[in-house]
Amino acid sequence: MIETDKAAKPGRAAVGLAVLGIVYGDIGTSPIYALRECFRGVSPVPITEANILGILSLIFWSLIIVVSLKYMVFVLRANNHGEGGIFALLALLNPDKSQNNRSRRILILVGLFGASLLYGGTMLTPAISVLSAVEGLEVVAPSLQTYVLPITVIILVVLFATQKHGTARVGAMFGPIMVAWFVTLALLGLYSIIKHPQVLYAVVPWYAVQFMIDNQWAGFLVLIGVFLVVTGGEALYADLGHFGPAPIRMVWFCCVLPALLLNYFGQGAFLLDKPEGDLQPFFHMAPEWALLPLVVLSTAATVIASQAVITGAFSLTRQAVQLGFVPRLLVLQTSKYAHGQIYMPAVNWLLMIAAVTLVVTFRSSEGLAAAYGVSVNATMLVTTILAFNVARERGGWGLAKAGALLCLFLTVDLAFLTANAETIPRGGWFPVAMGMVIFTVMVTWWRGVELLVENYEANTISVETLLGRIKHQPPQRVPGTGVFFTTRPDDVPQVLMQLIKLNKFLHEKIVIVNVKMTREPRVGNHQRTQVTEHGEGIYEVNLHYGFMQGFNIPSDLAYCVEHRGMAVDLEDATYFVGRTSVIADRKRHAMMAWRDKLFAFMLRNTMNATSLYQIPSNRVIEIGLQRGI
């Protein structure tokens with residue numbers, strides 16, 4: 001079990017309740033629209049018994065192969081000390097590994113592209129989930145159609161506004177609702193299955209094969225709708241750090257999977273009974289007296305579906321920041337027990353703007369369904385590739401064993417992706433376009449930081465060289481402690497060199513701090529801090545943080561004074577930080593001009609070191625630096 005689980009106070013039942021509330025909202029609300037889109041999608045097929053059984057067979061085996069086998073059994077093994085998502089896979093693959101550097105870099109770019117597309121899908125999930133549920137009002141009373149869009153927008157705004165309270169409180173509130181939701185799914189489906197138990201034959205895969213043979217290309221395009229039943233798989237993997245793999249697996253196999261299968265098969269049984277009816281089988285399964293309560297419960301459940309991807313987006317973004325793929329953003333911890341429970345204001349409000357814009361633009365869940373699958377599908381394909389490499393490199397899997405699963409999962413992923421490619425002209429272009437924009441931002445930041453580091457390395461000196469200069473030409477020493485930050489151990493910070501050059505003095509005590517992110521999610525205090533005394537009042541402090549941890553430099557320096565023997569007075573310390581501006585070196589042509597400008601813009605607007613390191617602002621002096629890239 002991961003460290004956050006050990007630290008958490010709630011018991012097993014409370015954890016299971018929170019897992020339902022946070023992790024399974026997305027995949028748990030797919031029954032509202034998935035089977036409907038199979039019959040009413042890009043290439044509709046007739047509602048016949050053979051087609052119903054064939055589609056149910058496709059749904060059954062998709063849930064078994066993609067979610068139960070791929071994610072629950074295979075992918076969740078590839079967790080980085082409990083943390084999940086594409087960036088955790090990249091951390092496990094160790095991007096800094098020097099061997100076979102070109103192929104390693106390509107693998108990183110593939111991972112970044114998959115993560116970027118997931119953000120595009122994340123923008124769509126709140127929109128399609130909430131809108132599909134509110135559209136149930138049209139089934140209750142067609143006259144309410146004009147209120148669907150305004151109600152959807154209000155719900156989305158309220159949902160995003162509550163994120164600052166944290167996933168623990170939200171999960172505790174949403175958990176009981178999701179229990180009621182999955183019980184309702186199961187009961188509605190069971191009621192219809194009792195009337196037509198022959199739908200259970202669909203567990204035999206031959207019905208899926210026969211469906212494809214009979215319907216050919218039209219049947220293949222039905223995979224667009226079938227894929228909607230598994231789109232929540234990537235979101236639950238991204239949410240892994242909130243609870244750990246064991247509770248997620250337990251809740252899936254004991255609760256979520258049985259309820260989903262009962263409901264999908266129940267919808268199929270309903271269509272056998274009334275094939276000529278309006279294609280809203282989910283709502284029409286309910287008795288007339290229960291229709292309005294079902295709409296209310298569905299709306300609440302789809303709000304929770306949005307919660308799953310929002311929390312996943314927070315986790316993924318923090319990992320991206322810590323791994324150096326995204327500029328620094330504000331991260332707020334929302335739980336004193338679980339490090340994985342965070343809130344990121346910038347990500348939250350950007351997602352809200354995107355979701356509301358999509359609802360207003362597409363105006364129906366049917367339109368959004370066409371745009372939904374392709375980006376999430378591509379991300380799941382990338383996850384398969386990365387997880388295979390992790391299994392080979394870290395898990396010790398043999399080529400035959402890992403390769404057999406890779407072939408199975410790639411076959412399914414590529415079949416879904418080929419079908420979903422048909423949706424690109426119908427709205428699928430939007431998440432792909434958003435993914436390309438985010439991918440461009442990521443690779444530009446990544447490359448720009450690399451170029452800055454190269455420039456830094458070419459224009460710095462070692463601490464040993466500085467000591468020699470101090471002994472040869474002693475500068476004036478002034479009382480107090482100066483704290484400086486460097487990007488590499490044993491190197492003198494550029495800010496310190498600039499200070500000596502311009503002012504010709506040094507503090508009596510100098511602390512050079514080097515902050516490094518490890519490939520571990522968390523590092524304890526004792527392992528985090530290393531202190532080296534160089535003489536002449538100069539100390540070097542190396543701090544190693546896990547990529548899921550926040551920084552607190554004053555606290556860690558105090559730990560060094562108390563436990564590492566660093567003889568400085570932090571009450572009299574001044575923190576010197578650099579404010580870097582970049583100048584494009586046109587002779588190098590390292591990046592295109594527009595990417596130079598994009599990187600410069602991101603650098604100017606990134607979170608400053610004072611806020612990032614939690615340094616008291618009244619103790620900070622900023623010094624401007626110009627660097628070429």
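This short talk describes contacts between side chains in one protein model.

Good morning, everyone. Please keep in mind from the start that the model is predicted. I shall speak about the cores, then the aromatic rings, then the charged side chains, and finally one histidine.

Let me begin with the interior. In soluble globular proteins, nonpolar side chains tend to be buried together. In this model, the largest nonpolar core contains 160 residues. Which residues have the most contacts inside that core? They are Tyr-24 and Phe-87. If we set aside the neighbours of Phe-87 within four places in sequence, Phe-87 is in contact with several residues, including Leu-112, Ala-115 and Tyr-119. Among its other contacts are Leu-316, Ala-320, Phe-325 and Met-442. There is also a second, separate core, made of 24 residues. Val-483, Ile-553, Ala-573 and Val-620 are among its members.

I now turn to the aromatic rings. A pair of aromatic rings is described by the distance of the centres and the angle of the planes. How many aromatic pairs does a search of the whole structure find? The search gives 20.

Is Phe-439 buried or exposed? Phe-439 is buried, at 17% relative accessible area, because buried means under 20%. Phe-113, at 29%, counts as partly exposed.

In another pair, Phe-314 and Tyr-343 are also edge-to-face, with their centres 5.8 Å apart and 85° between their planes. Here a helix is joined to a strand: Phe-314 lies in helix α17, residues 291-322, and Tyr-343 in strand β2, residues 342-343, so the pair ties together parts that are 29 residues apart in sequence. Phe-314 is buried, with a relative accessibility of 1%, and Tyr-343 is buried as well, at 5%.

Ring pairs can also build a group. Phe-485, Tyr-545, Phe-551 and Tyr-613 are linked by ring pairs into a cluster.

Let us move to the charged side chains. Arg-105 lies over the face of Trp-446, at 4.5 Å from the ring centre, while Lys-401 lies over the face of Trp-397, at 4.3 Å from the ring centre.

Which residue forms a salt bridge with Arg-105? The partner is Glu-450, and the closest N and O atoms are 2.9 Å apart. Since Arg-105 lies in helix α7 and Glu-450 in helix α21, the bridge ties together parts that are 345 residues apart in sequence. Both residues are partly exposed: Arg-105 has a relative accessible area of 31%, and Glu-450 one of 22%.

Glu-450 also meets Arg-447 in a salt bridge, at 3.2 Å from N to O. Arg-447 and Glu-450 are 3 residues apart in helix α21, which means that about one helical turn separates them. Arg-447 is partly exposed, at 24%. A search of the whole structure finds 5 salt bridges. Bridges with shared partners join Arg-105, Arg-447 and Glu-450 into one network.

There is a further salt bridge, between Asp-556 and Arg-528, with the closest N and O atoms 2.9 Å apart. Asp-556 is in helix α25, residues 553-563, and Arg-528 is in helix α24, so that distant parts of the chain, 28 residues apart, are linked. Are these two residues buried or exposed? Asp-556 is buried, with a relative accessible area of 4%, and Arg-528 is buried, with 9%.

Helix α24 leads me to the histidine. His-526 has its place in that helix, which covers residues 525-528. Which residues does His-526 touch, not counting residues up to four places away in sequence? His-526 touches Tyr-559 and Arg-564. From His-526 to His-563 there are 37 residues in sequence, and their C-alpha atoms are 8.9 Å apart in space.

To close, I return to two points. Thank you for your attention.

Key. Residues numbered from 1 in each chain as written. Predicted model: local features only at pLDDT ≥ 70, side-chain atom pairs only at ≥ 80, totals over all residues. Heavy atoms only, no water. Helix = DSSP H or I, 4+ residues; strand = E, 2+ residues; numbered from the N terminus. Contact = heavy atoms within 4.5 Å. Phe/Tyr/Trp six-rings, centres within 6.5 Å; stacked < 30°, edge-to-face > 60°. Buried < 20%, exposed > 50% of the residue type's maximum accessible area, 1.4 Å probe, protein only. Lys NZ or Arg CZ within 6 Å of the ring centre and 35° of its normal. Core = buried A, V, L, I, M, F, W, Y, C linked by side-chain atoms within 4.5 Å. Salt bridge = Lys/Arg side-chain N within 4 Å of Asp/Glu carboxyl O.
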